[in-house]
Amino acid sequence: MCGTSWRNRSAGSRGGGSPMSSVSKGIKKVEVGLKWDPSPAGSPPHDLDIIAATYTSDAPYGAPVYLVHFDSRSPDGTITLNRDSRTGQGFGYDEVMVLELDRLASTYARVVVGVAIQQHDEQRVFGDIPNTAVRIREGHTELAQNDLAGVAGRTASTVAEFTRDESGAWSFREVIRGFDAGPTEFAALMGGKL
């Protein structure tokens, strides 16, 4: 992932839906879908990426143990990016990430998922990219959907936090928090307390 000279400050903005109150217990396998419209002909492509970061129970807000994004996967195959788009062209969701939380080793207690814009010729924010949408679902049950309008002026945002309790059950919380950072910087920042 490439990063240019960016401001690394986070913004506390949260948008759409019920960002802090969407809690579901006993999550096993989820799919995070991301879609957006392509840029106009002759313009640099709109290139958005889903990023997942994993954290251990010993350091749930420390540095991520590993990241999953467009050119990497989890070492154990439990988190995979099944579809990657660099343009937003096509029907339905352009990027799809699957998280098999019930298969994650017991040392992992937290997974944070976010979206970042790859910056090419000019800096873009979510508000510059039409029809952006994030959908999180388990099977056929939709857990959350958000258009990122609440972080329209940002270049990256967290969208979901999954945490494991003492019994081993995973819960989900929709957390829309915007950042002014490129993908590389965002990956280092997204694990803070949300």
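A residue counts as buried when its relative accessible area is under 20%, as exposed when it is over 50%, and as partly exposed in between, using a 1.4 Å probe and protein chains only. The structure discussed here is a predicted model, in which local features need pLDDT of at least 70, side-chain atom pairs count only at pLDDT 80 or more, and totals for chains, interfaces and linings use all residues. Residues are numbered from 1 along each chain as its sequence is written, and side-chain values use heavy atoms, with hydrogens and water left out.

Strands here (E, at least two residues) and helices (H or I, at least four) are DSSP runs, numbered from the N terminus. Confidence is lowest in strand S1 (residues 9–10), with a mean of 35, and highest in S11, with 97. Over residues 1–22 the pLDDT stays under 50, and for this stretch the model has 67 contacts beyond four places in sequence; a contact means heavy atoms within 4.5 Å.

Next comes the inside of the protein. A nonpolar core is a set of buried Ala, Val, Leu, Ile, Met, Phe, Trp, Tyr and Cys residues joined through side-chain atoms within 4.5 Å. In soluble globular proteins, nonpolar side chains tend to be buried together. The largest core has 35 residues, and those touching the most other members are Leu99, Leu101, Val111, Val113, Ile136 and Phe162. Strand S8 (residues 108–117) gives the most to this core, namely five residues. Val111 shows what such a spot looks like: once neighbours within four places in sequence are set aside, its contacts include Ala52, Ile79, Leu99, Leu101, Phe162 and Trp170. Another core, of twelve residues, lies apart from the largest one, and Tyr55, Val175, Phe179 and Met190 are among its members.

Arg110 also sits in strand S8, and it counts as buried at 1% relative accessibility. What does its side chain reach? It comes to 2.6 Å from the backbone oxygen of Gly191, and one of its polar atoms lies 3.1 Å from the backbone oxygen of Gly192. Beyond four places in sequence, Arg110 touches Tyr55, Pro60, Tyr61, Trp170 and Leu194, among others.

A salt bridge is a side-chain nitrogen of Lys or Arg within 4 Å of a carboxyl oxygen of Asp or Glu. Side chains of opposite charge can pair when their charged atoms come close. The structure holds six salt bridges, and one of them joins the side chains of Glu161 and Arg110 at 2.8 Å, N to O. Glu161 lies in strand S11 and Arg110 in strand S8, so this pair ties together parts that are 51 residues apart in sequence. Both Glu161 and Arg110 are buried.

A second salt bridge links the side chains of Glu31 and Arg135, at 3.4 Å, N to O. Glu31 belongs to strand S3 and Arg135 to strand S9, so the pair connects parts 104 residues apart in sequence. Arg135 is buried, at 15% relative accessible area, and Glu31, Arg135 and Arg137 form a network of salt bridges. Arg103 and Glu100 also meet through their side chains, at 3.2 Å, N to O; here Arg103 is partly exposed, with a relative accessible area of 44%.

Strand pairing (at least two DSSP bridges between two strands) brings S3 back into view. S3 (residues 29–35) runs antiparallel to S7 (residues 95–100) over six bridges, with Leu34 opposite Glu95. S3 is also antiparallel to S9, through five bridges, and Gly33 stands opposite Arg135 there.

Finally, a few loop residues deserve a look. Leu148, in the loop between strand S10 (141–146) and strand S11 (156–164), has a positive phi of about 65° without being a glycine. Asn131 is not a glycine either, yet its phi is positive, at about 55°. Asn131 lies in the loop between S8 and strand S9 (133–138) and is exposed, with a relative accessible area of 54%. Glu166, in the loop between S11 and strand S12 (170–180), is exposed too, at 88%. Its C-alpha is 9.3 Å from that of Ala109, although 57 residues separate Glu166 and Ala109 in sequence.

Key: A polar contact is a pair of N or O atoms within 3.5 Å; within protein, one must be able to donate a hydrogen and the other to accept it, and residues adjacent in sequence count only if both atoms are side-chain atoms. pLDDT is the predictor's confidence in each residue, from 0 to 100.
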